[in-house]
Amino acid sequence: MALKVGVVGMGGIGNTHAECYKKDPLAELVAVCDVVKEKADAAAERHGVKAYYSLKDMLANEELDIVDVSTGGYENGSWHFEPTMEALDAGKHVLCEKPLSNDINEAREMVRFAAEKKLYLGCNLNHYFTLTAERAKKYIDDGMVGELIYCLFKMGFHGGEETYSLNKSPRFNQPYAHMKAFLTHPFSVMRYFCGDIRDVQAFATKPGFRKNKGDLLLSINSIHVRFVNDAVGYLLSHRGDAVWGLGGWWSVEVAGSKGTFCIENCVEKLTYWPAPKPGKSLGIGEEQEPEVLNTGIKDFGATFPSRIHAFLEDVTNGVPHEHLRASGRDALATLEYIWAAIESYENDGAVVRPAPLPPIHGDPKVERI
Ligand SMILES: NC(=O)c1ccc[n+]([C@@H]2O[C@H](COP(=O)([O-])OP(=O)(O)OC[C@H]3O[C@@H](n4cnc5c(N)ncnc54)[C@H](O)[C@@H]3O)[C@@H](O)[C@H]2O)c1
C-alpha cells in the first residue's frame, strides 16, 4: 500500500519533493504545509491536496506515514529541527532536507531521537542517487578499483567577479553558511565511495571582490582529509567565485590500486580507467583505453525522484534501521566533518578529528544481516 506523505515547507524544494511523491507509485501525497498561508495554498492547488498552516494541525488531521521536511532557514538548515522532532514525536518517519541542521547539537539530537523512537530518519543526500554513482559503486564492489588511494572532489557554483552580487540576507551572509549549507553534498559522496573520514584539515577564504562588499561568507573552502582506511582525499568548493574547468561544477575522481573512475557533472558522465596490467606499463603521456558511461542526463534535478524513491522503498520494505540509505546518521557524519573543518580553519589549519558518530546497536528481532 502506498505510504501517505505530508510535505512541510512549500518553497521551491518542497514543491519539487511533492511532485516526486505524486509520481511515485510507492507514495500518496495527501497534504502540504507552510506557515506562510499563500505558499501553502498555492502548493495545495498545484498538487491537488489539502493545505495546512502548521504541522501540528496537519498531524492532528491526517493519517500520515511520512513527513517530508523541506523547510530551510539560516544557513539553509535552522528550520529543520523543530518540524523533524515534532513529526518523530508523533510517530512519523521523516525525510529531511540537507543539512540536517545548521547546529551540530540539534543534528545529533535529531539522530538520537529517531533511533530512540525506532523511526526512519532519512536525509535528502541526493547527489549519489544517480546512474553514474551506481555504476561507480559497482566498480568498487566488483574489486575494479582495488585498495583506495585517493579521492579528489571539486564542487560548487559557476561564477566570477562580473556576475557576483552580495547576498545581504542574514540567513546566508554568515562566515560558515557555504560550509554548513553545501558541503554536506560532497562529503556525503566522498563517504559513500571511500568510507568514514578520520582527519580533516581546512583553509577557507574569499576573493577580493567579496571582501570589498563586506561579504562575510568564507566562500572558498580547501579541505584535506584522511579516511579511516588510510586513503587520502581533497575537497575544493567555492560558491561561484570562478568558473569551473575540467569536470564542470561537480566532479569526483576516485583512484585505487586496480583502477580509477571520474564522475563529471554529477549525473552526466562516468569514466573508468583500469590500472595497467603486468607487461603493459603506461609511458608518460599514454593512457589506458577507458570505459565511458555517458548518461545523456545533464539536469541535476534528476537526482530528486531517485533519492526519494529509495527512501520510499526502504520504508516500504522495513529495512533494518542501519541499512536505511542516506540516513540521518549518514547526514550527521557529513556535519561532523564540516564542524571539524570549521574548527581546523579557526585554528589556522590544524588537523582535527571529527567527533565520533553514535554507535549502531542493531535489533536482535530483525533477522536479516
Ligand atoms: N538536496 C538538494 O539538492 C537541495 C537543493 C536546494 C535546496 N535544498 C534544501 O532544501 C531546503 C528548502 O530550500 P528552499 O529553497 O525551498 O527554501 P525556502 O526558504 O524557499 O522554503 C522553505 C519554506 O519553509 C517554510 N517553513 C519554514 N518553517 C516552517 C515550519 N515550521 N512549518 C511549515 N513551513 C515552514 C517557509 O515559510 C518557506 O516557505 C533547504 O534546507 C535547502 O538546503 C536542497
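The shell around the ligand holds ten nonpolar, eleven polar and five charged residues. Here Ala, Val, Leu, Ile, Met, Phe, Trp, Tyr, Cys and Pro count as nonpolar, Asp, Glu, Lys and Arg as charged, and the others, Gly among them, as polar. The model is predicted: local features need pLDDT of at least 70, side-chain atom pairs count only at pLDDT 80 or more, and totals for chains, interfaces and linings use all residues. Residues are numbered from 1 along each chain as its sequence is written.

Of the 26 residues around the ligand, Gly9, Gly11, Ile13, Gly72 and Asn76 come nearest. A residue is near a molecule or strand if its C-beta atom, placed from the backbone, lies within 6 Å of it. Helix 1 (12-23) gives the shell its largest share, three residues. Helix 1 and helix 4 (81-89) each supply at least two. Helices (H or I, at least four residues) and strands (E, at least two) are DSSP runs, numbered from the N terminus.

Stay with helix 4. Phe81, Pro83, Thr84, Ala87 and Leu88 are buried there; buried means 20 or more other C-beta atoms within 10 Å of a residue's own, exposed 12 or fewer, and partly exposed in between, with C-beta atoms placed from the backbone. Their cover includes strand 1 (3-8), helix 3 (55-61), strand 4 (66-69), strand 5 (93-96) and helix 5 (104-117). Just after helix 4, glycine 91 takes a positive phi of about 85°.

Eight strands form an open sheet in the order 8-9-10-7-11-12-13-14, with mixed pairing. Strands pair if DSSP finds at least two bridges between them. Strand 8 (197-205) and strand 14 (291-294) are the edges, each pairing on one side only. Strand 13 (residues 269-274) pairs with strand 14 in the antiparallel sense, over four bridges. Threonine 271 stands opposite valine 292 in strand 14.

Helix 6 (residues 131-141) packs on the sheet, touching strand 12 (259-264), strand 13 and strand 14. Its direction makes about 170° with that of strand 12. Axes are lines fitted to C-alpha atoms, for helices over the stretch in contact, and angles run from 0 to 180 degrees between N-to-C directions.

One loop remains. Asparagine 173 lies between strand 7 and helix 7 (177-182). Asparagine 173 counts as partly exposed because it has 15 C-beta neighbours inside 10 Å. Leaving aside neighbours within four places in sequence, asparagine 173 is in contact (C-beta atoms, placed from the backbone, within 7 Å) with Asn167, Lys168, Asp215, Leu216 and Leu217.

Key: Two residues are in contact if their C-beta atoms, placed from the backbone, lie within 7 Å.
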